[in-house]
Amino acid sequence: MREAGQAIGRAGGQAERRTGRFARLLNALRRIAGMPDYAGYVAHMAGRHPGCPVLSEREFYDQYVNARYGNGASRCC
Amino acid sequence: MEPGSTAIYIWFMGRLVWVGIAIVGAAAWGVIAVGRGETISAAWLVLAAVGTYLVGYRFYSRFLATRVLGLDARRATPAERLNNGRDFVPTGRWVLFGHHFAAIAGAGPLVGPVLAAQFGWLPGTIWIVFGVVLGGAVQDFVILFGSMRRDGKSLGQMAKEEIGPITGMLTMLAILAIMIILLAVLALVVTNALKDSPWGVFSLLCTIPIALGMGFWMKVVRPGKTVEASVVGFALLLAALVAGRYVAGSAALAPLFTHGGVAIAWALMIYGFAASVLPVWLLLAPRDYLSTFMKIGTVVLLAIGILVILPPLRMPAITRFVDGTGPVFAGKLFPFAFITIACGAISGFHALVSSGTTPKMIRSELDARVIGYGGMLMESFVAIMAMCAAAALDPGVYFAINAPLGTLGGTVASAAQKIGTWGFTVSPEQLSGLAGQVGEKTLLGRVGGAPSLAVGMAHIFASATASRLMGLWYHFAIMFEALFILTTLDAGTRVGRFMLQELFGHLWKPLGRTSWYPSTILASLLVVAGWGYFLIQGVLDPLGGINSLWPLFGISNQLLAGVALCVGTTFIIKAGKARYAWVTLAPLAWLLAVTLAAGWQKIFAPDPRLGFLAHARDTAAKIAAGSVDPATGARLIFNDRLDALLAGIFMVTVVALLISSIGEWLAVVRGRKPAVMKETPFVESAYA
């Protein structure tokens, strides 16, 4: 019983690691493409400005896209 | 082993690896040098390039980082000091490398080498590899460094603060002029690839509703879910590509999507205007995500294709066209090889990206080396791959696609005959067969580089997969190039619009308000009219347009690189390191020689194919003789004079910039002026 439980626990850990790795890869791709990173922003607010109001995902997206493309992003030839 | 001997062992092995890399690179150059006259494999080009990049990165960029610039891990970067979770965000080295690379890479490094292949693959390859190690990568690195030390300021702001207000103003005007020419020439490349091609037009048109749908999804339906929208968008893009084949094959649908150059040019102008006034979330942002993923994916695919197939280079190493008689564009090897290939060796445009978003995201100062210098080496490698793809084509096929229709005559038979007189054999059946294989009626005279690159890529991908997929791969490559050229068009029109609005704001305040619709519409219209004029001029040009516009673009881009190198030299001199100023002065001197020589020849050369003024005189003579109708002739003459004027303005600007920079340098070096830099003061980093 205990062994089986440990095996399940190990498998769960592996799956978690795998999703963790996948999430990291996705996040890296997102940031390479210059997409907004809402989770990163929430973590930043929690770490640096605890207690300050945090934008919703919709508001954050609007602000981010306007800041990044509002002036016309510099794209090379 | 004792600790001391282990250290010596590691040191020794490290040296050994670098000696090995240097020998492999040198050996590859050796094969290239002695293998002339016979067909060699693309493998040697790739090996020579990569070997040179590695040695350049390991030794030269290290010298720049430690001795010249003095990167300091203990100094906090703007991303660390000003971290706001949005644009100032400390970002991991490799993620930022990818981001920076995706921002600097575009159609330029793909198209330039293809056009320059008319001289053979050798001159372009040498320039791409050594130009980047000693010039382009240095420029990107120095500007990235300078902007990072100044809270991510732009090139124009830095030119103004470090050299003077006149230089700053000239830089702004130069950027605007370059933008107009760049957009015109890129739009011309797309127009030539899409004219009379229902498959291409259909799949590119589909990208617009796909992008609108993605924008709507990310804004309204599931806010901020950019990845899922992009994945669905990408799948739809591929579906549009496959559907294009059936559209082209259908007797009812094909005529709807078959258009000539002028119609496509107008469509591009309307699109550019719409994209400039529409909200960014609707069109610009989703297109940018799509084209970034397409770009990275295709570059990786191309690298794999070339490394797996290692195609033989069928183009000669050097062709007879180094004498200036080439059909793709006029002019001798010097200076025209060096302005035709701009991006890939050195590109002034990168200075805008290196002083844009990237410096605000660097986590540690030390990362600037791999991102600035390394990112540009990567772009240069893309240019080498484009050169391989073009040189792997049968030279006869290459010239059939890239020479203007006016030179080739309208039929495959006349084209094959004409190409035969240049010393390359190609049969009419070969030409019509190839067009059929890629799903087009004709490939003749599709100037601009994109179609021949697409044929080269399709050739490589199809031999790695299945030959019946040739048409699909061709249109995949066309769509990929057109997609990110269109992204440059809409982003560039918007940048131009903001610059104009800023200028107008000095004249009358309300015109400077970027949210005021009349001002937005006026400025957008003016920018589109600017590049649209040159685009239409190029489409109607009997010599194919690329012949006159690409050199103008090359000259203007190298001029901007000259500005960036002047600013970079100023950083170095003001930091009290004038003894190292040659790292930017040497490439600057070369660029000036190239740009001024090319500009002079484009204006004053007596050959009507090369010199704008000679072409105007030639046309006037033809009008007098009655072989050109007066209205068309008058238009051609006006355009020639306009192009000559533009080249002249570029040359005068570069000289004026140089003089004002030299004045500043001498004042600092002689101690007449204190070496005050506008760097942000030192703050200790918490990461180090």
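This is a predicted model: local features need pLDDT of at least 70, side-chain atom pairs count only at pLDDT 80 or more; totals for chains, interfaces and linings use all residues.
**Entry 1: H13(B) against H23(B)**

The axes of H13 (residues 333-340) and H23 (residues 546-574), both helices of chain B, come within 8 Å and cross at roughly 75 degrees. Since angles from 65 to 115 degrees count as roughly perpendicular, I noted the two helices as therefore roughly perpendicular to each other.

I then looked up which residues meet where these helices come together. From H13(B) I listed Phe336(B), Ile339(B) and Thr340(B), and facing them from H23(B) I listed Trp550(B), Pro551(B), Gly554(B), Ile555(B) and Gln558(B). Sorted by class, this contact has five nonpolar and three polar residues, and no charged residues.

**Entry 2: Thr358(B)**

Next I turned to Thr358(B), which I found in the loop that runs between helix H14 (349-354) and helix H15 (367-391) of chain B. Is Thr358(B) buried or exposed? I counted 28 C-beta neighbours inside 10 Å, and because 20 or more make a residue buried, Thr358(B) counts as buried.

Leaving out residues up to four places away in sequence, I recorded that Thr358(B) touches Leu96(B), His100(B), Leu144(B), Val353(B) and Ile371(B). I also checked Val89(B), which is 269 residues from Thr358(B) in sequence, while the two C-alpha atoms are 10.0 Å apart in space.

**Entry 3: H18(B) and its buried residues**

In helix H18 of chain B (residues 412-421), I looked up the buried residues and found Val412(B), Ala415(B), Ala416(B) and Ile419(B). Viewed down the axis of H18(B), these buried residues fall within an arc of 95 degrees, so I noted that they line one face of the helix.

I then asked what covers the buried residues of H18(B). The cover includes three helices of chain B, namely H16 (395-402), H17 (405-408) and H19 (428-437). Just after H18(B), I noted that Gly423(B) takes a positive phi of about 95 degrees.

**Entry 4: where chain A touches chain B**

Last, I looked at the contact between the chains, to which chain A gives 31 residues and chain B gives 45 residues. On the side of chain A that touches chain B, the elements giving two or more residues are helix H1 (2-32), helix H2 (38-48) and helix H3 (57-69) of chain A. Which of the elements gives the most to this side? I found that H3(A) does, with nine residues. By class, I recorded the residues on the chain A side as 18 nonpolar, eight polar and five charged.

Technical notes
Residues are numbered from 1 along each chain as its sequence is written. Chains are lettered from A and ligands numbered from 1 in the order in which they are written. Axes are lines fitted to C-alpha atoms, for helices over the stretch in contact, and angles run from 0 to 180 degrees between N-to-C directions. Helices (H or I, at least four residues) and strands (E, at least two) are DSSP runs, numbered from the N terminus. Angles under 35 degrees count as roughly parallel, over 145 as roughly antiparallel, 65 to 115 as roughly perpendicular and the rest as oblique. Two residues are in contact if their C-beta atoms, placed from the backbone, lie within 7 Å. Ala, Val, Leu, Ile, Met, Phe, Trp, Tyr, Cys and Pro count as nonpolar, Asp, Glu, Lys and Arg as charged, and the others, Gly among them, as polar. A residue is buried if 20 or more other C-beta atoms lie within 10 Å of its own, exposed if 12 or fewer, and partly exposed in between; C-beta atoms are placed from the backbone. The arc is that of the directions from the helix axis to the C-beta atoms.
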